[in-house]
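This report goes through a structure one part at a time. Please keep the sequence and the picture open while reading.

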Amino acid sequence: MKIVLRVIVGIAKFLYGYVVGDDLLLAVVMVVGLAASGMLIAGGINAWWLVPVLAVVMTGVNLVRHRPRTRDVASPVEAVGTSAEQA
Amino acid sequence: MTGANVVFVTAFLASAVEAIEMVIIVVGVGATRGYRYTLLGALGGLVVLAVVIAVGGVALAAIPIGPLRLAVGALLLLFGLQWYRKGVVRVAANGLAGFKGEAVDERPAGATGIDWTAAFLAFKGVSLEGLEIAIIVVTFGATARQLGPSILGGIAALVLIAAIGAALRPLVERIPRSFLQLLVGLLLTAFGTFWALEGLNVEWPQSDFDIVLLAIYYALVAGIYITLERRARQRVLEVVRS
């Protein structure tokens, strides 16, 4: 029973890391975007453009949110490394 | 051309398009994460595919491919966006120099064992694209009553494109790792976007060619983001130095 539970937790963790990664907002917005596209398509609007636009907008939002800030870094080396390490 | 030849060529060309997508994913993920678990995942995909074909046979043509495309596409899109963003940050921070060498390891420090991400990505790419090839082959073959030439056409396309992919492997491995991660990320994002929306019955204006246009679009945006990231990084550096 314990092993089964461990396997389930392991799979759940893997799937969460795989699908969501470190940005829950991005994942949620993309899923909502896909759902909205589905509804628009069902309503007769060929909404092929919505997901590509959301993808780049949300990537931009993520980049800005994870950008190194001057108050967070103490040295030039740290400034260069910070967000690359976060990546 | 005889009817059998026409069916062979049609099945070959249609299957080749799907096989190219499959091989791009396997080679790209393999070069980025290492080939061991990528090829194991691809092999797993082929085994599942073989079982599905053996069990389903001609009835494969009745499989609703839409929901499968949506599920696989959505997963590829979400994962591809992670690598896309990480690729942008790494190329902005480090440029393209000095990144030849070991595959990028995204696993937590100290993690050992199976690389599930590489295996899962390859598995999905191979099983979905392989299923599409199988459906193409069965549909053409059954409709024209030429199942043999159709199957041969599909297999020939798969073998030829896989051989080309294997031949290109050394070339792909020479690409700097940061850039490769960005490249694979944007390709996964482009394929994911295309498949997920196709699964929702969208009509792509240029049909399959829109995968290429999506890749170009994501590449151009990545270029803009890299420039903006570099400028922001430079500003932080100047403030810290002053």
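## Elements of the two chains

Chain B has 242 residues, of which 48% count as buried. In chain A, 24% of the 87 residues count as buried. Along the principal axes, the C-alpha atoms of chain B fill a box of roughly 75 × 40 × 30 Å. Among the contacts in chain B with a separation of 6 or more, 90% come from residues 24 or more positions apart.

## Confidence of the prediction

The predictor gives an ipTM of 0.82 and a pTM of 0.75 for the complex. The average pLDDT of chain B is 84, and 91% of its residues score at least 70. Among the elements of chain B, helix 7 has the highest mean pLDDT (90), while helix 4 has the lowest (82).

One stretch of chain B scores under 50 in pLDDT throughout, namely residues 98-103. The model has 10 contacts beyond four places in sequence for this stretch.

## Where the chains meet

## Helix 3 of chain A

Helix 3 of chain A covers residues 50-65, which makes 16 residues. At 1.5 Å a residue it should span 22 Å, and its end C-alpha atoms are 22 Å apart, so the two values agree.

Which residues of helix 3 of chain A are buried? They are Val51(A), Pro52(A), Leu54(A), Ala55(A), Met58(A), Thr59(A), Asn62(A) and Leu63(A). Seen down the axis of helix 3 of chain A, these residues fall within an arc of 165 degrees, so they line one face of the helix. An α-helix has 3.6 residues a turn, so residues three or four places apart point the same way. On the other side of helix 3 of chain A, Val53(A) and Val64(A) are exposed. The cover over the buried residues of helix 3 of chain A includes helix 2 (24-42) of chain A, together with helix 3, helix 6 and helix 7 of chain B.

Leu26(A) sits in helix 2 of chain A. It counts as buried because it has 23 C-beta neighbours inside 10 Å, and the cut-off for buried is 20 or more. Leaving aside neighbours within four places in sequence, Leu26(A) is in contact with Met58(A), Asn62(A) and Leu81(B). Between Leu26(A) and Lys13(A) there are 18 Å from C-alpha to C-alpha, and the two are 13 residues apart in sequence.

## Inside and around chain B

The largest nonpolar core has 81 residues, and the members that touch the most others are Met30(A), Val26(B), Val88(B) and Ala122(B). Apart from neighbours within four places in sequence, Val26(B) is in contact with Thr38(B), Ala42(B), Ala122(B), Gly125(B), Val126(B) and Gly165(B).

Is helix 6 of chain B largely enclosed or largely open? Of its 23 residues, 22 are buried, so helix 6 of chain B is largely enclosed by the rest of the structure. Asn201(B) follows helix 6 of chain B and has a positive phi, near 70 degrees.

Leu40(B) belongs to helix 2 (residues 35-56) of chain B. With 16 other C-beta atoms within 10 Å, Leu40(B) is partly exposed. Leu40(B) lies 10.0 Å from Asp115(B), C-alpha to C-alpha, although 75 residues separate their positions in sequence.

Methods
Residues are numbered from 1 along each chain as its sequence is written. Chains are lettered from A and ligands numbered from 1 in the order in which they are written. This is a predicted model: local features need pLDDT of at least 70, side-chain atom pairs count only at pLDDT 80 or more; totals for chains, interfaces and linings use all residues. A residue is buried if 20 or more other C-beta atoms lie within 10 Å of its own, exposed if 12 or fewer, and partly exposed in between; C-beta atoms are placed from the backbone. Helices (H or I, at least four residues) and strands (E, at least two) are DSSP runs, numbered from the N terminus. The expected span of a helix is 1.5 Å times one less than its number of residues. The arc is that of the directions from the helix axis to the C-beta atoms. Two residues are in contact if their C-beta atoms, placed from the backbone, lie within 7 Å. A nonpolar core is a set of buried Ala, Val, Leu, Ile, Met, Phe, Trp, Tyr and Cys residues joined through C-beta atoms within 7 Å. pLDDT is the predictor's confidence in each residue, from 0 to 100.
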